[in-house]
Amino acid sequence: MLLVAGVCLSGCEQFLTPENKTTGGQEAEGYFSNDPATLRVYAYSLLKPVVARVDVYEEGVDLYMASNKKSGTQFDQYTITPENDDVKSLYADLYACINMANATIQYDNAGKYTAEMVFLRSYCYYILSQQFGGVPYTNSYINDSKREYPRTELKTLYESLISDLTNIVTDASLPEIASDGTASRRAAKALLAKVYLAAGWDLNTTLNDAVQGTYTIGDKTYFQKALKWAKEAINNQSLSMPFEDKWSPKNESNEEVLFAVQYDRAGWPGELKTGGHGLQNTFGSYYGDCTSSGEKYVDGLHASNPKSSYLWTAEDERYEGTFMTTMYNCELGGWGTVGYYAYYNADQAALDTMPIHRKFFSGTTPVNTVSAYQTAHAAQLVAGTCANDAMTVLMTYPNVKAGAEEVDYLQFVNTKPGMSAAPVVKKFDDPNSSAIAVNKTNGYRDIVVLHLSDIYLVAAEAALMAGDEGAAETYINAVRARAGVAATTFAAYTSPYASIYGAFTNTPIDLVLDERARELYAEGHRWMDLRRTKQLVRYNNIFNTELAGNAVARMSNAAGDIKWYRPIPQAEINSNNSITEADQNKGY
(Lines give C-alpha, C1' and ligand atoms only; values in the text may rest on other atoms or scores of the structure.)
Protein backbone atom coordinates (compact mmCIF):
# COMPACT_ATOMS: atom_id res chain seq x y z
CA MET A 1 0.00 0.00 0.00
CA LEU A 2 2.84 2.36 0.86
CA LEU A 3 4.56 1.75 -2.46
CA VAL A 4 1.32 2.32 -4.33
CA ALA A 5 0.77 5.48 -2.33
CA GLY A 6 4.18 6.74 -3.37
CA VAL A 7 3.45 6.02 -7.02
CA CYS A 8 0.00 7.59 -6.86
CA LEU A 9 1.53 10.74 -5.41
CA SER A 10 4.27 11.03 -8.02
CA GLY A 11 3.89 12.99 -11.24
CA CYS A 12 1.36 11.21 -13.43
CA GLU A 13 -1.76 13.35 -13.18
CA GLN A 14 -0.78 15.63 -16.07
CA PHE A 15 -0.63 12.65 -18.42
CA LEU A 16 -3.47 10.46 -17.19
CA THR A 17 -6.77 11.33 -15.58
CA PRO A 18 -8.16 7.95 -14.49
CA GLU A 19 -11.60 7.46 -13.09
CA ASN A 20 -11.53 7.41 -9.29
CA LYS A 21 -13.22 4.15 -8.31
CA THR A 22 -12.56 4.33 -4.57
CA THR A 23 -15.53 4.40 -2.23
CA GLY A 24 -16.98 7.89 -2.24
CA GLY A 25 -14.52 9.03 -4.91
CA GLN A 26 -11.89 9.86 -2.29
CA GLU A 27 -8.86 11.83 -3.53
CA ALA A 28 -5.28 11.70 -2.23
CA GLU A 29 -5.69 15.11 -0.58
CA GLY A 30 -8.53 13.87 1.57
CA TYR A 31 -7.09 10.43 2.23
CA PHE A 32 -3.63 11.46 3.34
CA SER A 33 -4.79 14.57 5.17
CA ASN A 34 -6.86 12.24 7.33
CA ASP A 35 -3.99 9.77 7.71
CA PRO A 36 -0.57 11.43 7.18
CA ALA A 37 0.97 8.76 9.44
CA THR A 38 1.09 6.47 6.39
CA LEU A 39 3.38 8.89 4.59
CA ARG A 40 5.44 9.46 7.74
CA VAL A 41 6.27 5.75 8.04
CA TYR A 42 7.16 5.56 4.37
CA ALA A 43 9.42 8.64 4.63
CA TYR A 44 11.39 7.08 7.49
CA SER A 45 11.73 3.81 5.55
CA LEU A 46 13.36 5.68 2.67
CA LEU A 47 16.36 6.39 4.90
CA LYS A 48 17.40 2.72 4.77
CA PRO A 49 19.06 2.78 1.34
CA VAL A 50 20.66 6.11 2.27
CA VAL A 51 22.45 5.03 5.45
CA ALA A 52 23.46 1.48 4.47
CA ARG A 53 26.03 2.70 1.96
CA VAL A 54 29.70 1.85 2.29
CA ASP A 55 30.95 2.84 -1.16
CA VAL A 56 30.37 6.60 -0.95
CA TYR A 57 30.94 6.91 2.80
CA GLU A 58 34.00 4.73 3.48
CA GLU A 59 35.83 4.09 0.21
CA GLY A 60 38.60 6.28 -1.17
CA VAL A 61 39.94 7.03 2.31
CA ASP A 62 42.89 6.22 4.56
CA LEU A 63 41.74 3.21 6.60
CA TYR A 64 41.03 0.22 4.35
CA MET A 65 42.51 -2.00 1.67
CA ALA A 66 41.28 -4.88 -0.45
CA SER A 67 42.04 -8.50 0.47
CA ASN A 68 41.97 -11.92 -1.18
CA LYS A 69 43.74 -10.78 -4.36
CA LYS A 70 41.19 -8.05 -5.06
CA SER A 71 41.77 -4.49 -6.17
CA GLY A 72 40.17 -1.46 -4.61
CA THR A 73 36.93 -0.10 -6.01
CA GLN A 74 36.39 2.79 -8.41
CA PHE A 75 35.84 4.96 -5.34
CA ASP A 76 39.21 3.88 -3.90
CA GLN A 77 40.90 4.68 -7.20
CA TYR A 78 38.89 7.86 -7.94
CA THR A 79 37.86 6.63 -11.37
CA ILE A 80 34.12 7.13 -10.92
CA THR A 81 32.31 9.15 -13.57
CA PRO A 82 28.97 11.00 -13.72
CA GLU A 83 27.49 7.78 -15.18
CA ASN A 84 28.34 5.77 -12.05
CA ASP A 85 25.23 3.90 -10.91
CA ASP A 86 26.19 3.95 -7.21
CA VAL A 87 26.45 7.73 -7.19
CA LYS A 88 23.21 8.03 -9.13
CA SER A 89 21.35 5.74 -6.73
CA LEU A 90 22.51 7.66 -3.66
CA TYR A 91 21.45 10.96 -5.23
CA ALA A 92 18.06 9.53 -6.20
CA ASP A 93 17.50 7.84 -2.82
CA LEU A 94 18.23 11.07 -0.95
CA TYR A 95 15.77 13.03 -3.06
CA ALA A 96 13.14 10.30 -2.75
CA CYS A 97 13.35 10.62 1.04
CA ILE A 98 13.26 14.43 0.81
CA ASN A 99 10.20 14.40 -1.42
CA MET A 100 8.32 12.00 0.83
CA ALA A 101 9.17 14.15 3.85
CA ASN A 102 7.79 17.15 1.98
CA ALA A 103 4.69 15.15 1.01
CA THR A 104 4.08 14.27 4.65
CA ILE A 105 4.37 17.94 5.61
CA GLN A 106 1.93 18.94 2.87
CA TYR A 107 -0.75 16.48 3.91
CA ASP A 108 -0.16 16.86 7.65
CA ASN A 109 -2.71 19.62 8.17
CA ALA A 110 -2.47 19.35 11.95
CA GLY A 111 1.31 19.73 11.87
CA LYS A 112 1.80 16.66 14.06
CA TYR A 113 4.73 15.30 12.07
CA THR A 114 6.10 18.45 10.45
CA ALA A 115 9.12 18.86 12.74
CA GLU A 116 10.08 15.21 12.28
CA MET A 117 9.95 15.56 8.52
CA VAL A 118 11.99 18.77 8.60
CA PHE A 119 14.66 16.84 10.50
CA LEU A 120 14.51 13.99 7.98
CA ARG A 121 14.72 16.38 5.04
CA SER A 122 17.58 18.29 6.65
CA TYR A 123 19.59 15.13 7.25
CA CYS A 124 19.26 14.16 3.58
CA TYR A 125 20.28 17.62 2.43
CA TYR A 126 23.23 17.52 4.82
CA ILE A 127 24.45 14.31 3.15
CA LEU A 128 23.88 15.84 -0.28
CA SER A 129 25.88 18.93 0.67
CA GLN A 130 28.81 16.82 1.89
CA GLN A 131 28.83 14.49 -1.10
CA PHE A 132 27.84 16.80 -3.95
CA GLY A 133 28.16 20.41 -2.74
CA GLY A 134 25.39 22.74 -3.81
CA VAL A 135 22.30 20.88 -5.02
CA PRO A 136 18.69 21.85 -5.83
CA TYR A 137 16.86 22.69 -2.59
CA THR A 138 13.12 22.59 -2.20
CA ASN A 139 10.86 22.46 0.83
CA SER A 140 7.78 21.73 -1.31
CA TYR A 141 6.37 18.39 -2.37
CA ILE A 142 7.00 17.72 -6.06
CA ASN A 143 4.01 16.02 -7.68
CA ASP A 144 4.15 17.40 -11.21
CA SER A 145 6.37 17.09 -14.28
CA LYS A 146 8.30 20.30 -13.79
CA ARG A 147 11.95 19.86 -14.75
CA GLU A 148 13.50 23.18 -13.77
CA TYR A 149 15.41 22.87 -10.50
CA PRO A 150 18.72 24.80 -10.54
CA ARG A 151 21.59 24.01 -8.18
CA THR A 152 21.33 26.00 -4.98
CA GLU A 153 24.51 27.84 -4.04
CA LEU A 154 26.21 26.04 -1.15
CA LYS A 155 26.00 29.08 1.11
CA THR A 156 22.26 29.37 0.50
CA LEU A 157 21.82 25.63 1.06
CA TYR A 158 23.59 25.81 4.42
CA GLU A 159 21.55 28.84 5.42
CA SER A 160 18.34 26.99 4.56
CA LEU A 161 19.35 23.96 6.62
CA ILE A 162 20.38 26.15 9.56
CA SER A 163 17.04 27.97 9.41
CA ASP A 164 15.05 24.74 9.14
CA LEU A 165 16.84 23.05 12.03
CA THR A 166 16.82 26.15 14.24
CA ASN A 167 13.05 26.22 13.89
CA ILE A 168 12.61 22.69 15.23
CA VAL A 169 15.21 22.34 18.02
CA THR A 170 12.67 23.68 20.52
CA ASP A 171 9.55 22.30 18.84
CA ALA A 172 7.25 20.79 21.46
CA SER A 173 5.99 18.18 18.99
CA LEU A 174 9.41 16.52 19.18
CA PRO A 175 10.44 14.59 22.29
CA GLU A 176 13.68 15.64 23.97
CA ILE A 177 15.14 12.23 23.09
CA ALA A 178 13.67 9.25 21.25
CA SER A 179 14.61 5.57 21.25
CA ASP A 180 12.14 4.38 18.60
CA GLY A 181 14.04 5.52 15.50
CA THR A 182 12.23 8.86 15.19
CA ALA A 183 13.51 12.42 15.39
CA SER A 184 14.02 14.30 18.65
CA ARG A 185 15.13 17.73 19.78
CA ARG A 186 18.57 16.44 20.79
CA ALA A 187 19.02 14.75 17.42
CA ALA A 188 18.08 18.02 15.71
CA LYS A 189 20.62 19.91 17.82
CA ALA A 190 23.29 17.34 16.95
CA LEU A 191 22.54 17.66 13.25
CA LEU A 192 22.54 21.46 13.51
CA ALA A 193 26.00 21.30 15.10
CA LYS A 194 27.23 19.18 12.18
CA VAL A 195 25.74 21.58 9.63
CA TYR A 196 27.39 24.58 11.29
CA LEU A 197 30.71 22.72 11.45
CA ALA A 198 30.58 21.83 7.76
CA ALA A 199 29.54 25.37 6.83
CA GLY A 200 32.52 26.78 8.75
CA TRP A 201 34.92 24.60 6.78
CA ASP A 202 33.26 25.05 3.38
CA LEU A 203 32.42 28.74 3.53
CA ASN A 204 34.99 30.32 5.84
CA THR A 205 38.13 28.19 5.54
CA THR A 206 40.48 28.43 2.55
CA LEU A 207 42.63 25.56 1.28
CA ASN A 208 46.26 26.54 0.84
CA ASP A 209 47.87 23.27 -0.25
CA ALA A 210 45.94 20.07 -0.97
CA VAL A 211 48.95 17.74 -0.60
CA GLN A 212 49.97 19.27 2.71
CA GLY A 213 46.37 19.70 3.88
CA THR A 214 47.06 23.28 4.98
CA TYR A 215 44.32 25.86 5.28
CA THR A 216 43.54 29.33 6.57
CA ILE A 217 40.59 30.00 8.86
CA GLY A 218 38.57 33.12 8.12
CA ASP A 219 35.41 33.93 10.05
CA LYS A 220 35.02 31.62 13.09
CA THR A 221 31.33 32.35 13.71
CA TYR A 222 30.05 29.07 12.27
CA PHE A 223 32.55 27.09 14.35
CA GLN A 224 31.47 28.91 17.49
CA LYS A 225 27.84 28.09 16.73
CA ALA A 226 28.74 24.47 15.99
CA LEU A 227 30.29 24.25 19.45
CA LYS A 228 27.23 25.85 21.02
CA TRP A 229 24.82 23.36 19.47
CA ALA A 230 27.09 20.39 20.13
CA LYS A 231 27.02 21.34 23.81
CA GLU A 232 23.23 21.57 23.63
CA ALA A 233 23.03 18.12 22.06
CA ILE A 234 25.44 16.59 24.61
CA ASN A 235 23.30 18.07 27.38
CA ASN A 236 25.92 17.34 30.06
CA GLN A 237 25.65 13.58 29.42
CA SER A 238 28.90 11.80 30.22
CA LEU A 239 30.46 8.91 28.34
CA SER A 240 30.05 6.34 31.09
CA MET A 241 29.08 3.24 29.11
CA PRO A 242 31.92 0.84 28.21
CA PHE A 243 32.67 0.99 24.49
CA GLU A 244 32.03 -2.75 24.10
CA ASP A 245 28.59 -2.38 25.67
CA LYS A 246 27.75 0.58 23.48
CA TRP A 247 27.95 -1.62 20.39
CA SER A 248 26.62 -4.84 21.88
CA PRO A 249 23.76 -6.40 19.87
CA LYS A 250 22.00 -6.78 23.23
CA ASN A 251 22.12 -3.02 23.84
CA GLU A 252 20.53 -1.36 20.83
CA SER A 253 18.73 1.96 21.36
CA ASN A 254 20.97 2.64 24.36
CA GLU A 255 21.24 6.03 26.02
CA GLU A 256 24.09 7.20 23.80
CA VAL A 257 22.06 6.81 20.58
CA LEU A 258 20.61 10.12 19.41
CA PHE A 259 19.15 8.87 16.14
CA ALA A 260 19.21 5.50 14.39
CA VAL A 261 17.55 3.84 11.43
CA GLN A 262 15.94 0.81 13.01
CA TYR A 263 15.53 -2.74 11.72
CA ASP A 264 13.47 -5.54 13.24
CA ARG A 265 14.09 -9.16 12.34
CA ALA A 266 11.10 -10.43 14.32
CA GLY A 267 8.70 -7.99 12.69
CA TRP A 268 9.92 -8.28 9.11
CA PRO A 269 7.01 -9.71 7.07
CA GLY A 270 9.01 -10.88 4.06
CA GLU A 271 12.00 -13.08 3.29
CA LEU A 272 14.51 -12.70 6.13
CA LYS A 273 17.49 -13.28 3.85
CA THR A 274 16.75 -10.13 1.87
CA GLY A 275 15.02 -7.78 4.31
CA GLY A 276 17.99 -6.41 6.22
CA HIS A 277 21.36 -4.87 5.32
CA GLY A 278 24.90 -6.13 4.83
CA LEU A 279 27.04 -3.92 7.06
CA GLN A 280 28.12 -6.87 9.21
CA ASN A 281 29.53 -8.52 6.08
CA THR A 282 31.46 -5.53 4.80
CA PHE A 283 34.53 -4.64 6.90
CA GLY A 284 37.43 -7.07 7.15
CA SER A 285 39.31 -9.56 5.05
CA TYR A 286 37.60 -12.37 3.17
CA TYR A 287 36.60 -15.39 5.27
CA GLY A 288 35.15 -17.71 2.68
CA ASP A 289 31.86 -19.58 2.71
CA CYS A 290 30.37 -19.06 6.14
CA THR A 291 28.32 -22.24 6.06
CA SER A 292 31.41 -24.44 5.65
CA SER A 293 34.02 -22.45 7.58
CA GLY A 294 31.84 -21.31 10.46
CA GLU A 295 33.26 -17.80 10.09
CA LYS A 296 31.30 -14.73 9.11
CA TYR A 297 31.18 -14.02 5.40
CA VAL A 298 32.99 -10.75 4.57
CA ASP A 299 33.40 -9.41 1.05
CA GLY A 300 37.08 -8.56 1.54
CA LEU A 301 37.01 -5.04 0.08
CA HIS A 302 37.50 -3.18 3.36
CA ALA A 303 40.19 -4.93 5.37
CA SER A 304 42.22 -2.86 7.81
CA ASN A 305 45.32 -1.34 6.21
CA PRO A 306 48.59 -0.69 8.10
CA LYS A 307 47.39 2.68 9.38
CA SER A 308 44.26 1.10 10.85
CA SER A 309 46.34 -1.58 12.53
CA TYR A 310 48.36 1.12 14.30
CA LEU A 311 45.56 3.56 15.17
CA TRP A 312 44.80 1.98 18.53
CA THR A 313 47.45 1.76 21.22
CA ALA A 314 47.60 -1.47 23.19
CA GLU A 315 45.50 -0.19 26.10
CA ASP A 316 42.76 1.31 23.91
CA GLU A 317 39.55 -0.65 24.56
CA ARG A 318 38.12 0.48 21.24
CA TYR A 319 40.24 -1.99 19.29
CA GLU A 320 38.60 -4.95 21.01
CA GLY A 321 35.24 -3.18 20.87
CA THR A 322 35.49 -2.52 17.14
CA PHE A 323 37.01 -5.76 15.83
CA MET A 324 36.30 -9.41 16.48
CA THR A 325 39.81 -10.15 17.72
CA THR A 326 39.09 -13.72 18.87
CA MET A 327 37.49 -15.88 16.20
CA TYR A 328 36.54 -19.34 17.39
CA ASN A 329 36.80 -22.42 15.26
CA CYS A 330 34.35 -25.19 14.46
CA GLU A 331 34.12 -28.57 12.85
CA LEU A 332 33.04 -28.69 9.23
CA GLY A 333 29.39 -27.74 9.08
CA GLY A 334 29.44 -26.28 12.58
CA TRP A 335 27.31 -23.21 13.11
CA GLY A 336 25.65 -20.96 15.66
CA THR A 337 27.20 -21.72 19.04
CA VAL A 338 30.60 -22.50 17.53
CA GLY A 339 32.67 -20.59 14.99
CA TYR A 340 32.35 -16.83 14.63
CA TYR A 341 29.01 -16.36 16.36
CA ALA A 342 30.12 -18.39 19.36
CA TYR A 343 31.36 -15.10 20.80
CA TYR A 344 27.71 -14.14 21.27
CA ASN A 345 25.90 -17.46 21.48
CA ALA A 346 28.08 -19.79 23.55
CA ASP A 347 28.62 -19.60 27.30
CA GLN A 348 31.99 -18.73 28.81
CA ALA A 349 32.75 -22.29 29.83
CA ALA A 350 32.48 -23.40 26.21
CA LEU A 351 34.55 -20.47 24.96
CA ASP A 352 37.32 -21.29 27.42
CA THR A 353 37.94 -24.66 25.71
CA MET A 354 36.74 -24.00 22.14
CA PRO A 355 39.43 -24.14 19.41
CA ILE A 356 40.54 -20.71 18.21
CA HIS A 357 40.87 -19.94 14.51
CA ARG A 358 42.42 -16.46 14.81
CA LYS A 359 43.53 -14.16 17.58
CA PHE A 360 44.41 -10.68 16.31
CA PHE A 361 46.52 -8.04 18.00
CA SER A 362 46.90 -4.42 16.88
CA GLY A 363 50.27 -3.37 15.49
CA THR A 364 51.06 -1.43 18.67
CA THR A 365 50.79 -4.51 20.92
CA PRO A 366 54.07 -5.58 22.63
CA VAL A 367 55.43 -8.89 21.36
CA ASN A 368 55.59 -10.30 24.89
CA THR A 369 51.82 -9.79 25.22
CA VAL A 370 51.33 -12.07 22.21
CA SER A 371 53.77 -14.63 23.59
CA ALA A 372 51.95 -14.71 26.92
CA TYR A 373 48.65 -15.28 25.13
CA GLN A 374 50.12 -18.12 23.05
CA THR A 375 51.33 -19.83 26.22
CA ALA A 376 48.08 -19.37 28.11
CA HIS A 377 45.91 -20.60 25.21
CA ALA A 378 48.18 -23.26 23.69
CA ALA A 379 45.52 -25.94 24.12
CA GLN A 380 43.02 -23.88 22.10
CA LEU A 381 45.39 -22.80 19.31
CA VAL A 382 45.19 -26.21 17.64
CA ALA A 383 42.99 -26.79 14.60
CA GLY A 384 42.46 -30.52 15.19
CA THR A 385 39.29 -31.62 13.37
CA CYS A 386 38.19 -28.03 12.77
CA ALA A 387 37.54 -26.46 9.42
CA ASN A 388 40.27 -23.84 9.74
CA ASP A 389 43.86 -23.52 10.90
CA ALA A 390 44.79 -21.83 14.18
CA MET A 391 47.02 -18.76 14.43
CA THR A 392 47.82 -15.63 16.40
CA VAL A 393 48.34 -12.58 14.20
CA LEU A 394 50.22 -9.46 15.30
CA MET A 395 49.35 -6.81 12.70
CA THR A 396 52.77 -5.15 12.63
CA TYR A 397 54.19 -3.28 9.63
CA PRO A 398 56.04 -3.87 7.36
CA ASN A 399 55.83 -7.52 8.39
CA VAL A 400 52.87 -9.23 10.04
CA LYS A 401 53.83 -11.78 12.69
CA ALA A 402 51.54 -14.65 11.72
CA GLY A 403 52.22 -17.37 14.27
CA ALA A 404 55.92 -18.19 13.99
CA GLU A 405 56.17 -16.68 10.51
CA GLU A 406 56.76 -13.09 9.42
CA VAL A 407 55.06 -12.02 6.19
CA ASP A 408 54.91 -8.70 4.36
CA TYR A 409 51.77 -6.90 5.58
CA LEU A 410 50.31 -6.10 2.16
CA GLN A 411 51.05 -9.59 0.86
CA PHE A 412 49.57 -11.24 3.93
CA VAL A 413 46.31 -9.30 3.76
CA ASN A 414 45.84 -9.42 0.01
CA THR A 415 47.77 -12.32 -1.47
CA LYS A 416 49.23 -14.66 1.15
CA PRO A 417 47.01 -16.29 2.21
CA GLY A 418 44.38 -13.71 1.21
CA MET A 419 41.81 -15.20 3.56
CA SER A 420 41.39 -14.87 7.33
CA ALA A 421 44.19 -12.31 7.21
CA ALA A 422 42.74 -9.29 9.01
CA PRO A 423 40.15 -8.88 11.76
CA VAL A 424 36.54 -8.09 10.89
CA VAL A 425 34.41 -5.31 12.35
CA LYS A 426 31.80 -6.51 14.85
CA LYS A 427 29.89 -3.25 15.44
CA PHE A 428 27.06 -4.42 13.19
CA ASP A 429 27.02 -8.10 14.09
CA ASP A 430 23.61 -9.73 14.24
CA PRO A 431 24.06 -13.04 16.13
CA ASN A 432 20.68 -14.22 14.92
CA SER A 433 22.08 -14.33 11.41
CA SER A 434 23.53 -17.70 12.30
CA ALA A 435 20.05 -19.20 12.14
CA ILE A 436 20.12 -19.09 8.33
CA ALA A 437 22.77 -18.72 5.66
CA VAL A 438 24.38 -15.31 5.99
CA ASN A 439 24.30 -13.10 2.93
CA LYS A 440 24.68 -9.40 2.29
CA THR A 441 21.12 -8.47 3.28
CA ASN A 442 20.61 -10.59 6.36
CA GLY A 443 21.69 -8.19 9.12
CA TYR A 444 19.00 -6.53 11.22
CA ARG A 445 21.09 -4.36 13.53
CA ASP A 446 19.99 -0.74 13.76
CA ILE A 447 22.19 1.67 11.81
CA VAL A 448 23.21 4.42 14.23
CA VAL A 449 23.30 7.81 12.51
CA LEU A 450 23.94 10.21 15.42
CA HIS A 451 25.38 9.27 18.79
CA LEU A 452 26.92 10.91 21.81
CA SER A 453 30.65 10.38 21.32
CA ASP A 454 30.37 11.52 17.71
CA ILE A 455 29.00 14.83 18.98
CA TYR A 456 31.75 15.06 21.62
CA LEU A 457 34.21 14.97 18.73
CA VAL A 458 32.14 17.48 16.74
CA ALA A 459 32.46 19.77 19.76
CA ALA A 460 36.21 19.14 19.88
CA GLU A 461 36.67 19.96 16.20
CA ALA A 462 34.49 23.07 16.44
CA ALA A 463 36.39 24.30 19.51
CA LEU A 464 39.74 23.75 17.79
CA MET A 465 38.62 25.68 14.72
CA ALA A 466 37.14 28.42 16.90
CA GLY A 467 40.51 28.86 18.57
CA ASP A 468 39.82 27.21 21.93
CA GLU A 469 42.31 24.33 22.07
CA GLY A 470 41.71 23.79 25.79
CA ALA A 471 38.00 23.07 25.27
CA ALA A 472 38.82 20.85 22.29
CA GLU A 473 41.24 18.80 24.41
CA THR A 474 38.62 18.44 27.14
CA TYR A 475 36.14 16.84 24.75
CA ILE A 476 38.79 14.64 23.13
CA ASN A 477 40.10 13.44 26.47
CA ALA A 478 36.60 12.57 27.65
CA VAL A 479 36.35 10.23 24.66
CA ARG A 480 39.81 8.81 25.31
CA ALA A 481 39.13 8.30 29.02
CA ARG A 482 36.12 6.09 28.30
CA ALA A 483 38.42 3.95 26.14
CA GLY A 484 41.06 3.66 28.87
CA VAL A 485 43.56 5.88 27.05
CA ALA A 486 45.62 8.58 28.76
CA ALA A 487 44.79 12.22 28.21
CA THR A 488 46.80 14.16 25.64
CA THR A 489 47.24 17.66 24.22
CA PHE A 490 47.58 18.95 20.68
CA ALA A 491 51.17 19.89 21.42
CA ALA A 492 52.16 16.51 22.84
CA TYR A 493 50.17 14.16 20.61
CA THR A 494 51.89 11.89 18.10
CA SER A 495 49.84 9.51 15.97
CA PRO A 496 50.67 5.87 16.83
CA TYR A 497 51.15 5.12 13.14
CA ALA A 498 53.49 8.08 12.49
CA SER A 499 56.64 5.97 12.84
CA ILE A 500 55.69 3.71 9.92
CA TYR A 501 54.89 6.59 7.54
CA GLY A 502 57.94 8.76 7.00
CA ALA A 503 55.98 11.34 4.98
CA PHE A 504 53.54 12.01 7.81
CA THR A 505 53.89 14.88 10.29
CA ASN A 506 51.23 15.57 12.91
CA THR A 507 49.13 18.74 12.82
CA PRO A 508 46.36 19.67 15.29
CA ILE A 509 43.53 18.46 13.05
CA ASP A 510 45.14 15.00 12.93
CA LEU A 511 44.36 14.40 16.59
CA VAL A 512 40.67 15.09 15.92
CA LEU A 513 40.66 12.87 12.84
CA ASP A 514 42.52 10.08 14.65
CA GLU A 515 39.98 10.08 17.47
CA ARG A 516 37.13 10.08 14.95
CA ALA A 517 38.76 7.12 13.19
CA ARG A 518 39.14 5.18 16.43
CA GLU A 519 35.71 6.02 17.81
CA LEU A 520 33.69 5.92 14.58
CA TYR A 521 35.51 3.28 12.55
CA ALA A 522 33.30 1.83 9.77
CA GLU A 523 30.29 3.97 10.74
CA GLY A 524 30.06 5.89 7.46
CA HIS A 525 31.77 9.17 8.36
CA ARG A 526 35.30 8.91 7.03
CA TRP A 527 35.08 10.25 3.47
CA MET A 528 32.97 13.20 4.60
CA ASP A 529 35.35 13.84 7.52
CA LEU A 530 38.38 14.00 5.23
CA ARG A 531 36.61 16.10 2.59
CA ARG A 532 35.28 18.54 5.18
CA THR A 533 38.63 19.06 6.90
CA LYS A 534 40.48 19.40 3.57
CA GLN A 535 42.67 16.37 4.31
CA LEU A 536 41.23 14.13 1.58
CA VAL A 537 44.17 14.46 -0.81
CA ARG A 538 46.82 14.45 1.92
CA TYR A 539 45.50 11.31 3.61
CA ASN A 540 44.90 9.43 0.38
CA ASN A 541 48.37 10.33 -0.84
CA ILE A 542 50.03 8.82 2.23
CA PHE A 543 47.72 6.03 3.37
CA ASN A 544 45.56 4.82 0.45
CA THR A 545 47.34 1.75 -0.93
CA GLU A 546 45.56 2.17 -4.27
CA LEU A 547 47.01 5.65 -4.87
CA ALA A 548 50.51 5.06 -3.47
CA GLY A 549 51.83 8.62 -3.35
CA ASN A 550 50.13 9.63 -6.59
CA ALA A 551 46.88 10.97 -5.17
CA VAL A 552 46.94 14.41 -6.80
CA ALA A 553 47.14 13.02 -10.32
CA ARG A 554 44.69 10.20 -9.64
CA MET A 555 42.18 12.44 -7.88
CA SER A 556 42.26 15.12 -10.60
CA ASN A 557 41.08 15.45 -14.19
CA ALA A 558 43.27 16.40 -17.15
CA ALA A 559 42.88 20.09 -16.31
CA GLY A 560 44.19 19.51 -12.79
CA ASP A 561 40.87 20.01 -11.00
CA ILE A 562 40.72 17.89 -7.85
CA LYS A 563 37.65 15.74 -7.18
CA TRP A 564 36.58 17.20 -3.85
CA TYR A 565 32.99 16.05 -4.40
CA ARG A 566 31.21 13.19 -6.08
CA PRO A 567 30.01 13.93 -9.61
CA ILE A 568 26.51 15.23 -10.20
CA PRO A 569 24.85 12.21 -11.87
CA GLN A 570 24.59 12.49 -15.63
CA ALA A 571 20.96 11.41 -15.35
CA GLU A 572 20.26 14.56 -13.31
CA ILE A 573 21.97 16.77 -15.88
CA ASN A 574 20.04 15.08 -18.69
CA SER A 575 16.63 15.37 -17.05
CA ASN A 576 16.88 18.68 -15.18
CA ASN A 577 16.50 21.59 -17.59
CA SER A 578 18.12 23.99 -15.11
CA ILE A 579 21.38 22.03 -14.73
CA THR A 580 23.92 21.78 -17.55
CA GLU A 581 27.35 20.27 -18.07
CA ALA A 582 28.78 23.61 -16.86
CA ASP A 583 27.25 22.89 -13.44
CA GLN A 584 29.20 19.65 -13.01
CA ASN A 585 31.52 19.45 -10.02
CA LYS A 586 35.18 20.15 -10.69
CA GLY A 587 37.34 17.20 -11.62
CA TYR A 588 34.80 15.41 -13.82
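Residues are numbered from 1 along each chain as its sequence is written, and side-chain values use heavy atoms, with hydrogens and water left out. Because the model is predicted, local features need pLDDT of at least 70 and side-chain atom pairs count only at pLDDT 80 or more, whereas totals for chains, interfaces and linings use all residues.

Secondary structure elements are DSSP runs numbered from the N terminus, with helices (H or I) of at least four residues and strands (E) of at least two. Helix axes are lines fitted to C-alpha atoms over the stretch in contact, and angles between N-to-C directions run from 0 to 180 degrees. The axes of helix H9 (residues 154-168) and helix H10 (residues 185-204) come within 9 Å and cross at roughly 160 degrees. H9 and H10 are therefore roughly antiparallel to each other (over 145 degrees; under 35 degrees counts as roughly parallel). Their crossing is left-handed, that is, the near helix is turned anticlockwise from the far one by less than a right angle. Residues in contact (heavy atoms within 4.5 Å) include Leu154, Tyr158, Leu161 and Leu165 of H9 and Ala188, Leu192, Val195 and Ala199 of H10. By class, the contact of H9 with H10 comprises 14 nonpolar, 1 polar and 3 charged residues. In this classification Ala, Val, Leu, Ile, Met, Phe, Trp, Tyr, Cys and Pro are nonpolar, Asp, Glu, Lys and Arg are charged, and the others, Gly among them, are polar.

The crossing of H3 and H8 is left-handed. Arg40, Ala43 and Tyr44 in H3 meet Glu116, Met117 and Leu120 in H8. The residues of this contact divide into 4 nonpolar, no polar and 2 charged.

Helix H8 also contains glutamine 131. At 0% relative accessibility, glutamine 131 counts as buried (under 20% relative accessible area; exposed is over 50%, partly exposed in between; 1.4 Å probe, protein chains only). A polar atom of the glutamine 131 side chain lies 3.3 Å from the backbone oxygen of valine 56. When residues up to four places away in sequence are not counted, glutamine 131 touches Val56, Tyr57, Leu90, Trp527, Met528, Tyr565 and Arg566.

Valine 425 belongs to strand S12 (residues 424-425) and is buried, with a relative accessible area of 2%. Beyond residues up to four places away in sequence, valine 425 touches Gln280, Phe283, Lys296, Thr322, Phe323, Tyr340, Tyr521 and Ala522. Valine 425 and glycine 134 are separated by 291 residues in sequence and by 34 Å in space, C-alpha to C-alpha.

Tyrosine 397 and proline 398 are joined by a cis peptide bond with omega of about 10 degrees, and proline 398 lies in the loop between strand S9 (391-394) and strand S10 (399-402). Asparagine 68, a residue other than glycine, has a positive phi near 55 degrees. Asparagine 68 is placed in the loop between strand S1 (64-65) and helix H6 (74-77) and, at 23% relative accessibility, counts as partly exposed. Serine 253, in the loop between helix H12 (243-246) and strand S4 (257-261), has a positive phi near 60 degrees. At 33% relative accessibility, serine 253 counts as partly exposed.

How values were computed: Polar contact = N/O pair within 3.5 Å; in protein donor to acceptor, adjacent residues only side chain to side chain. Parallel < 35°, antiparallel > 145°, perpendicular 65-115°, else oblique.
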